[in-house]
Amino acid sequence: MIDKNGTELCDVRVLHNDVVGRVRGKMPDEDELFDLAELFKIFGDSTRIKILYVLFESEMCVCDIAEVLGVSQSAVSHQLRIIKGARLIKSRREGKTVLYSLADDHVTTIIGMAKEHLEEI
C-alpha cells in the first residue's frame, strides 16, 4: 500500500513486535526529545552556523566575527546571545574585550562531523 506522499505502508499493524518493543524502550521521553529539537533549531540558521564555524576555527571577539562574516556587530551579538543560551559557546573577558569560543568538545565534534558528512556527499 502507498500513501498520498508515495511512501510505502505496511499491510499489517506490527510485523516485528520484538524490534518495536526494544526500540520503544530506548526512546527518550518527550521533554528530552523537545530539548533535542530545540538544540537542532540553533543549527537551522545560516548566520549561527557561520558563527559556530568561525569559533570552530578560533576564539574571537564580536568585532572580529562581524568582520569575517561581513555583518554588523549588533547582528553578531544577537546571534551570540541565542547560541550562548543554548550553551554551545562560552565567553571570557580579556581586559575590555569579550572573547567567544565553542563551549566544549561536543560542539566541536558536532560541527566537525557535520562538515565531514557534507564532504562525503
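Of the contacts between residues at least 6 apart in sequence, what percentage join residues at least 24 apart? In this protein the share is 47%. Welcome to the structure, which is a predicted model. Its chain folds into 6 helices and 3 strands, and the points below walk through how they are laid out.

**Overall layout**
- Starting at the N terminus, the elements follow the order α-α-α-β-α-α-β-β-α.
- The protein is more spread out than a compact globule, because its radius of gyration is 20 Å, well over the 14 Å that the globule rule gives for 121 residues.
- Along the principal axes, the C-alpha atoms fill a box of roughly 65 × 30 × 25 Å.

**The hairpin**
- Strand E2 covers residues 89–94 and strand E3 covers residues 97–102; the two pair in the antiparallel sense over 6 bridges.
- One of the residue pairs to look for is serine 91 with its bridge partner in E3, tyrosine 100.
- Together E2 and E3 make a hairpin, with 2 residues between them.
- In the turn of this hairpin you will find glycine 95, which has a positive phi of about 65°.

**Surface and burial**
- Of the 121 residues in the protein, 21% are buried.
- The accessible surface of the protein is about 9,200 Å², and carbon and sulfur atoms account for 53% of that area.

**Charges**
- The protein carries 16 positive and 21 negative side chains.
- The centres of these two sets of side chains lie 6 Å apart.

Notes
Residues numbered from 1 in each chain as written. Predicted model: local features only at pLDDT ≥ 70, side-chain atom pairs only at ≥ 80, totals over all residues. Heavy atoms only, no water. Helix = DSSP H or I, 4+ residues; strand = E, 2+ residues; numbered from the N terminus. Rg over C-alpha atoms; globule rule 2.2 N^0.38 Å. Buried < 20%, exposed > 50% of the residue type's maximum accessible area, 1.4 Å probe, protein only. Contact = heavy atoms within 4.5 Å. Areas by Shrake-Rupley, 256 points an atom, 1.4 Å probe, with all protein chains shown as cover. Lys, Arg positive; Asp, Glu negative; His and termini not counted. Charge placed at Lys NZ, Arg CZ, Asp CG, Glu CD. Pairing = 2+ DSSP bridges.
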